[in-house]
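Dear colleague,

I am passing on the structure below, together with some notes on what was found in it. Please read the notes with the model open beside them.

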Amino acid sequence: MPRPVVPGRPLPLRVAVPLAVAAGLALLVAFPPYGVWPLAPVGVALLAAAAHRRRLRAGAGLGFLTGVAFFAPLLAWTNLHTGYLPWVLLSLLQAGYLALLGAATAWVSPLVDRARWAWPALTGLLWVGQEALRDRTPFGGFPWGRLAFSQDSSPLLRLAALGGAPLVTFVVALIGGLLVTAAWRGWVTAQRHAPEPTTAPDEAAPAADGPLDGPARAGGVGARRWTPVVVPAVVAVALTVGGLLVPVATAGSGDTVTVAIVQGNVPRLGLDFNAQRQAVLNNHVDATIELAGRVAAGQQRRPDLVVWPENSSDIDPLRNPTAGARISQAADTIGAPILVGAVLLGPDAGQVRNAGILWHPGTGADLDQLYTKRHPVPFAEYVPLRDVARLVSKKVDLIRNDFVPGSTPGVVRAGTTVLGDVICFEVAYDEVVRDTVTGGAQLLVVQTNNATFDVAEARQQMAMVRLRAVEHGRPALMASTVGVSGFVAPDGRVSDATGFNTREVVVRQLRLDDGRTLATRLGWWPEVALAALAAAALVGAAVLRRRQRVRPG
């Protein structure tokens with residue numbers, strides 16, 4: 001006979017396990033392409049409830065279930081053209097961090113039981129700490145799936161201007177903590193006033209008179225009984241709506257420039273787009289020349305800058321005269337510099353660089369305005385521990401040449417316009433984007449190639465661009481080989497978004513900006529402070545647990 005539900009105990013596993021799985025699914029649906037952002041704090045709340053008061057191993061197991069339910073479908077685009085193994089390994093690795101979060105949630109339960117109103121703050125701190133660890137380990141981390149990136153259409157997006165992605169994550173998880181506080185107290189209140197279950201004496205819960213589950217005070221019927229339920233729920237709603245009060249710029253305050261994004265498309269989606277390198281380059285050249293024809297006919301304003309995506313020239317145009325000549329043809333015809341996403345050979349044999357290089361009409365490549373990707377993707381652009389990785393899968397040898405990282409931020413000067421160039425997944429890393437802004441960038445440019453993924457991945461990436469625009473108060477754009485491309489205003493609004501697997505050119509006037517938001521000025525300090533408080537909470541829980549063990553009785 002299953003054990004009855006007793007308020008002073010953790011939720012029974014028969015309840016906690018479905019809650020943990022539901023938590024992962026709620027988090028998943030909060031992200032693009034679904035975009036139901038209110039479900040992010042709901043997912044946080046479900047995991048917090050499932051892991052509360054559990055042993056560490058049980059908390060870790062429940063967190064792992066949440067992680068698998070969340071990351072496996074979220075990262076499904078990684079298995080489209082590389083097989084199942086990379087997807088499975090990456091999903092399990094990311095789920096491991098939520099296992100740590102589940103264990104930490106269980107660990108701080110005595111603090112929650114001692115001070116009920118600490119639960120929301122503790123939940124927020126633990127999520128920031130987990131993301132800070134996941135964003136940096138191993139091999140530089142993988143920040144995909146941060147809570148902040150689910151809020152691209154939420155009022156909470158504006159908080160990025162105050163403290164960046166860590167602050168947005170903290171508030172989303174804080175709201176989840178408020179929801180679980182309200183729900184747990186509501187469940188306890190309902191249990192107190194339900195018929196008493198038949199339990200054996202040893203099933204009585206000594207924690208039943210703790211701060212979270214104490215009996216209602218005398219005369220505490222009616223409204224007073226439900227105050228601990230209503231107040232956290234109201235505060236959660238107020239915090240969400242209050243995000244609208246954070247001031248953000250709707251447009252830049254500097255000079256106006258006209259920018260064109262060329263999305264040339266590829267002959268076929270998948271890894272073999274690399275086998276069609278000349279065709280991909282020709283697509284971007286031809287689309288730019290067609291734009292020049294519309295400019296000459298008076299149908300389109302002449303751009304001051306043209307942006308091509310990552311991998312638009314996988315033939316090194318600095319070493320291949322034919323590729324260089326084709327790019328020069330496009331630049332000369334449009335009469336504007338082109339930021340080209342190119343794969344460059346070297347500097348040593350067996351090495352390549354993923355770069356953005358400015359190509360001027362008349363003079364060609366400007367080697368002084370060249371950005372090399374600083375954060376190559378492990379096991380996709382280079383293989384760490386290759387001999388060990390080969391034991392897991394021989395497909396690592398598909399990456400014959402390791403991409404070498406650049407050493408300087410992506411500050412590219414195109415005439416009077418200063419670009420902050422980041423390439424592909426770099427948009428997920430806080431410091432990579434911020435370094436371009438502190439280096440003088442007036443316009444954020446994300447060059448990416450989604451030909452080996454799908455539209456879900458592209459939309460998730462666009463959500464990151466939206467957050468970065470708000471975080472730094474800059475206009476931004478994303479240029480993709482196949483989509484989704486588009487412009488983003490400093491308040492996060494997207495304009496001229498393209499379709500997926502199509503050839504399109506979009507042109508827009510943008511106002512640049514030189515100012516700095518509070519988030520830009522603070523840099524990584526909000527994350528450091530929140531992560532330090534999370535560590536302090538774990539230490540505080542350890543002290544409290546020790547005191548409880550040595551207390552008589």
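In this predicted model, α2 and α4 pack at an angle of about 60 degrees with their axes 8 Å apart, the axes being lines fitted to C-alpha atoms, for helices over the stretch in contact, and the angles running from 0 to 180 degrees between N-to-C directions. That angle makes α2 oblique to α4, since angles under 35 degrees count as roughly parallel, over 145 as roughly antiparallel, 65 to 115 as roughly perpendicular and the rest as oblique. Helices here are DSSP runs (H or I, at least four residues), numbered from the N terminus. The crossing of α2 past α4 is right-handed, a crossing being right-handed if the near helix is turned clockwise from the far one by less than a right angle, and left-handed if anticlockwise.

From α2, the residues in contact are Leu47, Ala48 and Ala51, and from α4 they are Leu101, Gly102, Thr105 and Ala106, where contact means heavy atoms within 4.5 Å. By class, this contact has 5 nonpolar, 2 polar and no charged residues (Ala, Val, Leu, Ile, Met, Phe, Trp, Tyr, Cys and Pro count as nonpolar, Asp, Glu, Lys and Arg as charged, and the others, Gly among them, as polar).

α4 also packs with α6, at an angle of about 150 degrees and with the axes 10 Å apart, which makes α4 roughly antiparallel to α6. This crossing is right-handed. Gln94, Tyr97, Leu98, Leu100, Leu101, Ala104 and Thr105 of α4 meet Leu126, Trp127, Gln130, Leu133 and Arg134 of α6, and the contact divides into 8 nonpolar, 3 polar and 1 charged residues.

The structure also holds 4 cavities of 30 Å³ or more; a cavity is a set of points on a 1 Å grid over the protein atoms alone where a 1.4 Å probe fits but cannot get out, and lining residues have an atom within 4 Å of a point. The largest cavity has about 90 Å³ of space, and of the 13 residues that line it, Ala48, Thr105, Thr123, Leu126 and Trp127 are the closest to its centre. α2 (39-51), α4 (84-107) and α6 (119-134) each supply at least two lining residues, with the largest share, 5 residues, coming from α6. The lining has 10 nonpolar, 3 polar and no charged residues.

Residues are numbered from 1 along each chain as its sequence is written, and side-chain values use heavy atoms, with hydrogens and water left out. As the model is predicted, local features need pLDDT of at least 70 and side-chain atom pairs count only at pLDDT 80 or more, while totals for chains, interfaces and linings use all residues.

With best wishes

Notes: On a 1 Å grid over the protein atoms alone, a cavity is a set of points where a 1.4 Å probe fits but cannot get out, and a pocket is an open set with protein on both sides within 12 Å along at least five of seven lines; lining residues have an atom within 4 Å of a point. Grid points are joined across faces, edges and corners, and a volume is the space filled by probe spheres set on the points.
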